[in-house]
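Please look over the sequence and the fold below before reading on. The paragraphs after it go through a few places in turn.

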Amino acid sequence: MHRLFVGLRPPLAMRSIILSQMGGVPGGRWQTDDHLHVTLRFIGEVDRPLAEDVAAALGSVRHRPLDLQLGGVGCFDRKGRIDSLWVGIGPEVEVRSLHLAVGRALERVGIAPDQRAFVPHITIARFSRANAPVAALPIASLSPPSVTAHFDHFLLYESHLGSEGPIYEVVERYPLA
């Protein structure tokens, strides 16, 4: 089985700014450079034939390159407990347009539409239930500078889960033109 997702990898300059802003929240497992990405679509576990169909279908996606900038910092929670901290990326309408194009391509090979709301973001820290912040996070002090970067491709990743966390492997690169 192959655990797949589709994403955008920020250029080095943008990742460096994100990495320089990390810290200041106790209990967070801060992401490494290898983990910084914008998830356009999580696919999940698929067998080899479907993984090959997914890779081929994504090759049909036609979308213009994107000039995106970092936005504010936010968090996701589960059952009232913060489980991740993220930095937004936008303009949202641009990222959402590519997200929808990827989704249409995946539907053509039998991948069901994602039912979750799409929030363009880059996860910067994760929290376990035991170390989730109970007080409000100092989000205003964590906001990175508003830097813009050019994205001229998107990626199909395979995620390998392990005791030290996931390892992301690029399976295929798709140009935006």
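This is a predicted model: local features need pLDDT of at least 70, side-chain atom pairs count only at pLDDT 80 or more; totals for chains, interfaces and linings use all residues.

Residues are numbered from 1 along each chain as its sequence is written, and side-chain values use heavy atoms, with hydrogens and water left out.

Start with helix 3, residues 92–107. Helices (H or I, at least four residues) and strands (E, at least two) are DSSP runs, numbered from the N terminus. The expected span of a helix is 1.5 Å times one less than its number of residues. For the 16 residues of helix 3 this gives 22 Å, and the end C-alpha atoms are 22 Å apart, which agrees. The buried residues of this helix (under 20% relative accessible area with a 1.4 Å probe, protein chains only; exposed is over 50%, partly exposed in between) are V95, L98, H99, A101, V102, G103, A105 and L106. An α-helix has 3.6 residues a turn, so residues three or four places apart point the same way. The elements that the buried residues of helix 3 pack against include helix 2 (48–58), strand 4 (66–78) and strand 5 (81–90).

R64 is in the loop between helix 2 and strand 4. It is partly exposed, with a relative accessible area of 43%. R64 is in contact (heavy atoms within 4.5 Å) with E94, S97, L176 and A177, leaving out residues up to four places away in sequence. R64 and E94 are 30 residues apart in sequence, yet their C-alpha atoms are 9.5 Å apart. Their side chains are joined by a polar contact of 3.1 Å. A polar contact is a pair of N or O atoms within 3.5 Å; within protein, one must be able to donate a hydrogen and the other to accept it, and residues adjacent in sequence count only if both atoms are side-chain atoms.

R9 is in another loop, between strand 1 and helix 1 (12–21). A polar atom of the R9 side chain lies 2.6 Å from the backbone oxygen of D33, and one lies 3.0 Å from the backbone oxygen of L36. Among the residues that R9 touches, not counting those up to four places away in sequence, are L155 and Y157.

V170, in strand 9 (residues 167–175), is also in contact with L155 and Y157, as well as with L156, leaving aside neighbours within four places in sequence. V170 is partly exposed, at 44% relative accessible area.
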